Number of protein chains: 2
Amino acid sequence: MEYTISNRMSTMRGSAIREIFKYAADPSVISLAGGNPNPELFPAEALADIAAKVLHESPVTALQYGITEGYGPLREAIKARLDRTEGIGTENDDLIVVSGGQQGIELVTKCLVNEGDVVIVEEPSFIGATNAFRSYGAKLVGVPVESDGMNLDALEKVIAENKNIRFIYTIPTFQNPMGVTMSVEKRKKLYDIALKNGILILEDNPYGELTFDGVKTPTIKSMDKDGIVMYSGSFSKILAPGLRLGFLCAPREIIAKVVVAKQISDVHTPMLPQLLATEYMAQFDLDALILKMRENYAHKCSTMLSAMDEYFPKDITYTRPGGGLFIWCDLGHDLDTLELSKAAIAEKVVYVPGNTFMVDMDKKCSSLRLNYSTMSDEKIVEGIRRLGTVFHQALK
Amino acid sequence: MEYTISNRMSTMRGSAIREIFKYAADPSVISLAGGNPNPELFPAEALADIAAKVLHESPVTALQYGITEGYGPLREAIKARLDRTEGIGTENDDLIVVSGGQQGIELVTKCLVNEGDVVIVEEPSFIGATNAFRSYGAKLVGVPVESDGMNLDALEKVIAENKNIRFIYTIPTFQNPMGVTMSVEKRKKLYDIALKNGILILEDNPYGELTFDGVKTPTIKSMDKDGIVMYSGSFSKILAPGLRLGFLCAPREIIAKVVVAKQISDVHTPMLPQLLATEYMAQFDLDALILKMRENYAHKCSTMLSAMDEYFPKDITYTRPGGGLFIWCDLGHDLDTLELSKAAIAEKVVYVPGNTFMVDMDKKCSSLRLNYSTMSDEKIVEGIRRLGTVFHQALK
C-alpha cells in the first residue's frame, strides 16, 4: 500500500529542534537548544493537593465532558487577569481556553487562512507558529526584526507588494528566538499600519510576564479599539507547560468560529488541567510565583551573557534580553550555523541554528538561538565556554 | 472591521446537538439527546490518589513538556492492551496518543484529505467525524447502514462512481448513532473491497468494549495484514471523557505524518491525564471497571427498550443494540424529526433529530437518536412515555 499525504502536509517536516534534542538526551551534552521552563519552579506540591481535592470534591466536573469554550470559572479568571495585568478585553472581545498557545495559533489559521493567502511574520520567528501557517498552505512573507522590534518600513513595503494578507504574526515581547522587545512607539505604529490596511494582527505573548526588571511594555491588544488584534496567551511559561493550557482573546466573531474549529479538533481542553489552573489562581499567588521565575531567569540570563562576554570572539553580536528565555547570536562572516552545529555537537554542546526560524529554512544562516532557562549556572558557563571554542576555531 | 473566514471553515456550524443541550440544561427537561458516559462509573477516588501521587513523586514528568507521540509507558500499555483485547498491532503499525478520539480523526484528515477528495461514510454517522472531514473540504459520500452494518453493494457502487477516495470511515461496533454492529462476514468483505480498490479504512471504535453480553466482534484492524486500516480508540467511554485521551494505531508512515500534524496542533497531549490513565491501568483493573459499565448500560438500554415497547406506536421501528450508548428509531410516515423536536421540547423531552447524522443535514429525516447512559431508570421510562405521547400525536 502506498500512502498519499495531503498537499498541505506532504512537505511538512517535524521541528528541527526535535532532532537536536536527540543529542541533548546524552547527559554529557550541554543543551542550550531547549525552550523549556525551569522545572524547579513548578508548584508541584500545590498542584498535587489541588488535583486530589478537585477529583474528590468535583469528580463530575473534572472527569465528564466539558464545554468547548473552556471551563467557565477559568475563562472568568483569565479575563479578570488579562484586564488587570495587560489592560486587555473589550465588549467586542471573547476568550476561548485552548490546549496551549500553539493550539490557538493553529485554530486561528484554520479559520482564517486559505491556501495561498499571505501571513506576514517576523524573521526570525517561532517555528511552531510558522509551521502552523505552512500547514494550511499560507505563503509566509518575512519582515526583519531589529533591537526594538519589527522593521516597519519593511512591513509597509511587504504590505504594498502582497495581496490577500490575512494577518501579521508578531511576538512583540521577549521575542522567540531573538529575545528583543518591540518599543511602544513601534507597537502603536504597527497597529495603525494594520488598521489602515484592514489587516488583522495575531499577537503572541507567552513570555511577557517574564520581565527581569518588572517593567511591562503595553500589549498591542491593549490598544485595540477597532477589533483588529487577536491575542494568544499561555500558562506554559508561568505555571507549567505539561498542563497544555493557553487561551485566545479576539473579536467575538473570530472566537465563535474558533470554537467550532476547536470542537472539531478535540471537543474541549482536558478538564483537570483547567481545574488546576483555576484553583491555583484562586488559592495561591500566581504573581508571587511569576516573580520567582523573573528572578530565576534574570540570574540565568545574566550568567550566560557574562560567560558570552568572556568566552565568545569579540566580533560576534548578541541580544541582551530584558526577559523571556532566549538570546539570539549572530556570528557574521558568512558562517553557516547549521553546518557549525556538527562541530558544536563534537564539543558536546547544542544550540538551535538560526535557519530554523526563517521563512526559507534551506537558506544558510549565520545566527543561532541560545536558551538559559533549565541549566545550572555551572553548565551555562561550561556550555558557553565550549561554544566559544567552536566559534574561535570557526573564525580563525 | 469585517472578518473573512477561510473557505474550509466558512460553512461549518457548531454541532446541532449543542443547541439541543441548551434545553437539556433545564432540570425539568429529560434529555435523551446526550452521548455522555454515566459519571457514577468514573473511578474518581482512584484517580484522585493517583493524581496526588504522580504530582508528588514525578513532578517534572507530570508538568514539563512531553513528547508529541505520547507518554512512553502509556503508549506501551495501550499497545499491550490492543494486542491482548483486540488482536491489533503489527510490525508495520505505530501508535500515537491523542487528545480524545476526535483529535485522531481530525489529524488523519488533515494529513490525508485534499480539498474535493472523497471520504466514504456510513449514513447515518457520527457528526464529530463528518464535520472533521467537511472542515478540510472533503466531499462526503454516504453508504446506508443495515442491521448488520454497511450495505456493501451500495459501497461498491459508490467506489465505482467516485474518484480520489481517500478512505472509508466506519464505526463497525455499536455504531453511533444506530447502535448496530457490522457482522464478521461484512467486515471481511469490507476489508477485501478496500484492499482491492487501494482505499484506506478508518475504523473508529469508541464503544467496542461496552458489549452487554461480553461477546466481542473482531475489529477490522485485527484483520489488517496489508497496512490499510487506521484504528481510532478512546478512553472516553471506558475511563472518563474529561481526560480527553484517545489513540490512533495505523501504518508507521501515516503515524509519522500525524505526529508532525499533532506537534503543529498542540505539541502534545497534556501529561497529567496521560499519567492518570497509565497508572490506573497499572494499579487497578480496567477490565473490572469496564464490566461494571457493561452491566450498567445493559440494564439502562433494556429499561429504555421495554419502555419503548410499551409507550411507542406499534409501527415505529428501532434498533436493539448489543452494546454502546445509542438506540436509533425510525418514525417513518414521511415525518420530520427536526420539526417534531419542537413538540418534544414542549413535552419537556429532547432527542437528536436524525438529519444531524446525514451527509445532507438539510434534508428531512424521519429518524432520531436516543441515549440511555446518564439517566435514572425512572427518567428513562418517563422520557420515553413523554416521547410516546408526542409520537402518537404526530401519527394521528
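Helices (H or I, at least four residues) and strands (E, at least two) are DSSP runs, numbered from the N terminus. By that numbering, B:Pro177 lies in the loop of chain B between strand E6 (165-170) and helix H9 (184-197).

The model is predicted: local features need pLDDT of at least 70, side-chain atom pairs count only at pLDDT 80 or more, and totals for chains, interfaces and linings use all residues. Residues are numbered from 1 along each chain as its sequence is written, while chains are lettered from A and ligands numbered from 1 in the order in which they are written.

The relation between the chains comes next.

Two residues are in contact if their C-beta atoms, placed from the backbone, lie within 7 Å. By this criterion 64 residues of chain B are in contact with 64 residues of chain A. Several helices of chain B each supply at least two residues to the side that touches chain A, among them H3 (44-57), H6 (101-112), H10 (252-266) and H11 (271-283). H10(B) gives the most, with 10 residues. The residues on this side of chain B divide into 37 nonpolar, 19 polar and 8 charged, where Ala, Val, Leu, Ile, Met, Phe, Trp, Tyr, Cys and Pro count as nonpolar, Asp, Glu, Lys and Arg as charged, and the others, Gly among them, as polar. Because 100% of the interface residues of chain B are also interface residues in chain A, the copies meet through the same surface.

H10(B) also packs against H6(B). Their axes, which are lines fitted to C-alpha atoms over the stretch in contact, come within 9 Å and cross at roughly 110 degrees, with angles running from 0 to 180 degrees between N-to-C directions. That makes H6(B) roughly perpendicular to H10(B), the class for 65 to 115 degrees. From H6(B), B:Leu107, B:Val108, B:Lys110 and B:Cys111 meet residues of H10(B) including B:Ile254, B:Val258 and B:Ala261. The residues of this contact divide into 6 nonpolar, 1 polar and 3 charged.

A residue is buried if 20 or more other C-beta atoms lie within 10 Å of its own, exposed if 12 or fewer, and partly exposed in between, with C-beta atoms placed from the backbone. A nonpolar core is a set of buried Ala, Val, Leu, Ile, Met, Phe, Trp, Tyr and Cys residues joined through C-beta atoms within 7 Å. The largest has 248 residues, and A:Val258 and B:Val258 are among those with the most contacts inside it. Leaving aside neighbours within four places in sequence, A:Val258 is in contact with A:Ile96, A:Leu107, A:Val108, A:Cys111 and A:Leu248.

Some backbone details of chain A remain. A:Asn164, in the loop between helix H8 (152-161) and strand E6 (165-170), has a positive phi near 50 degrees. A:Asn164 counts as exposed, with 12 C-beta neighbours inside 10 Å. A:Arg244 also has a positive phi, of about 50 degrees, but is buried, with 30 other C-beta atoms within 10 Å.

Definitions and conventions:
Angles under 35 degrees count as roughly parallel, over 145 as roughly antiparallel, 65 to 115 as roughly perpendicular and the rest as oblique.
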